[in-house]
Amino acid sequence: MLALRFVVLTLGVALGVFYPFISVILADLGFEPSGIGLIASIGAVGFTLAVPAWGHLADVRLGRPRTLQLCGIGAAVAVGLMTLPLPAVLIAVLFVGFWVFESAWQPLADALTVNAVDGRSYARIRSLSSLAFAVGAIVAGFVYDRTGYGGAFVAFAIGAIAMAVAARSVPDVGRAVLHDRRRPTEVGAGRRAALLGSAGVALRVAPRLGLILVAVSLLHVGIISGFTFLPLRIGEIGGQPSDVALAAGLSAAVEIPSMLLAAGIARRIGLRGMFVGSALIYAAAIASWIVLDVPAAIIVTRAFTGVAFAGTVVAVVLTVAALLPPQLQATGQALYQTVAFGLAAIAANIVGGVLYDAFGHEAVFGLGTAMALAAAILGWWAFPRDAGRRAPPSAEPDRAV
């Protein structure tokens, strides 16, 4: 369990010192908002294609810790190379490489955690990542005020390698077997689903999961618009790197107590209520960014998005944990990340970049507000009332999952 906690902590540190600053780093390198949106969207395409493959590789082939090691080292190399004096096109390629490898981090960490602990303990362990992210982002922001963004690449690479080293000691469950050759009457459906790898099997095992993923994708159009374009808005109204860091860090800091309370609240209002409530909070916060023009006021709203993000993560991760067996958790959590930070990011970044250039931040955050409201409506119908009983494991090595 100590190794798992260290993985979660180092994951948070690595992302905290780098992820909140990506758009302003690219702006500092001379990219316009539309170019930043294009790079982020291409990265999101790579993310979307890669994360289901990482989930399949983890559940069926290499195991979750080893796959996490591979992706930690790959991301460290991609970001570390950005310290070299490279042309803009290669910098863009390396950013895409970063997103491809980083796409596996959270789903694999979540899969390892939910397979090791219950729902309440998941929230406690996951909150360590938020704590590390908050501290890392805030400290890094004040450092970057004085040094510029050059240290972000080195700090990220160190954190990623530390996570990869720690992952080696995390225990794992067995591999998934996608179909059973000894049961020809059952195998037809299993083989058809297996054409899509473990993702196809997961969607066959839990048909409700598809509609849940649509709701998650809608909500994350708004969330990603904040990740990408809110730092640019803060810069436009006179904010400094430390303001960008405080906005991200406050959100992550508020996630910590929110995450600790979320599992208990979900038992009272249900996973459906948790997701819908989080989506409505996001809608209100994103709508406020249309009118706010003071960095400090925007920073305050990020406390509310921290509550909403914690509720969203707990609702979705525990729903996936309830619907799928342990052998398919990396795949299920990867599907969550695929639609949330892959498909939704493609739409948010491409459309958002064009809207930001043509009509300003009002159009971007107006679209994000509408998508969050749509997610709340669909989530009310799609999410289960509560977690129910955990899907049984498929422990036998020959058994169809």
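Me: Which residues lie nearest the centre of the largest cavity, and how many residues line it?
Reply: In this predicted model, the largest cavity is lined by 33 residues, and those that lie nearest its centre are Y19, F133, F227, F309 and F341. A cavity here is a set of points on a 1 Å grid over the protein atoms alone where a 1.4 Å probe fits but cannot get out, and lining residues have an atom within 4 Å of a point.

Me: What volume does that largest cavity have?
Reply: The volume of the largest cavity is about 570 Å³, where a volume is the space filled by probe spheres set on grid points joined across faces, edges and corners.

Me: Which elements supply at least two residues each to its lining?
Reply: Those elements are α1 (2-16), α6 (105-116), α7 (119-147), α11 (209-236), α12 (241-291), α13 (295-323) and α14 (329-359). Helices are DSSP runs of H or I with at least four residues, numbered from the N terminus. The largest share of this lining, seven residues, comes from α12.

Me: And by class, how do the residues of that lining divide?
Reply: The lining of the largest cavity divides into 20 nonpolar, eight polar and five charged residues (Ala, Val, Leu, Ile, Met, Phe, Trp, Tyr, Cys and Pro count as nonpolar, Asp, Glu, Lys and Arg as charged, and the others, Gly among them, as polar).

Me: How many cavities of 30 Å³ or more does the structure hold?
Reply: The structure holds two of them, and the second largest cavity has about 200 Å³ of space. Of the 15 residues that line the second largest cavity, Y19, A40, W99, T228 and N349 are the closest to its centre. Two or more residues of that lining come from each of α2 (22-28), α3 (33-62), α11 and α14, and the largest share, four residues, is given by α3.

Me: Changing topic, how do α3 and α14 pack?
Reply: The axes of α3 and α14 are 8 Å apart, and the two helices pack at an angle of about 170 degrees, which means that α3 is roughly antiparallel to α14. Axes are lines fitted to C-alpha atoms over the stretch in contact, with angles from 0 to 180 degrees between N-to-C directions, and an angle over 145 degrees counts as roughly antiparallel. By class, the contact of α3 with α14 has 16 nonpolar, 13 polar and two charged residues.

Me: What about α4 and α8, at what angle do their axes cross?
Reply: The axes of α4 (residues 64-80) and α8 (residues 150-167) cross at roughly 165 degrees and come within 8 Å, so α4 is roughly antiparallel to α8. Residues of α4, including L68, G72 and V79, meet residues of α8, among them F153, F156 and I161, where contact means heavy atoms within 4.5 Å. The contact of α4 with α8 has 14 nonpolar, two polar and no charged residues.

Me: And how do the axes of α11 and α12 cross?
Reply: The axes of α11 and α12 cross at roughly 160 degrees and come within 8 Å, and these two helices are therefore roughly antiparallel to each other. Among the residues that meet there are A215, L219 and P231 in α11, and D243, F275 and W289 in α12. By class, this contact has 14 nonpolar, two polar and one charged residues.

Me: Last one, where is D293?
Reply: D293 is in the loop between α12 and α13. Leaving aside neighbours within four places in sequence, D293 is in contact with R233 and I237. The C-alpha atoms of D293 and P257 are separated by 28 Å, and the two residues are 36 residues apart along the chain.

Me: What should I know about the numbering and the pLDDT limits?
Reply: Residues are numbered from 1 along each chain as its sequence is written, and side-chain values use heavy atoms, leaving out hydrogens and water. As this is a predicted model, local features need pLDDT of at least 70 and side-chain atom pairs count only at pLDDT 80 or more, while totals for chains, interfaces and linings use all residues.

How values were computed. Angles under 35 degrees count as roughly parallel, over 145 as roughly antiparallel, 65 to 115 as roughly perpendicular and the rest as oblique. On a 1 Å grid over the protein atoms alone, a cavity is a set of points where a 1.4 Å probe fits but cannot get out, and a pocket is an open set with protein on both sides within 12 Å along at least five of seven lines; lining residues have an atom within 4 Å of a point.
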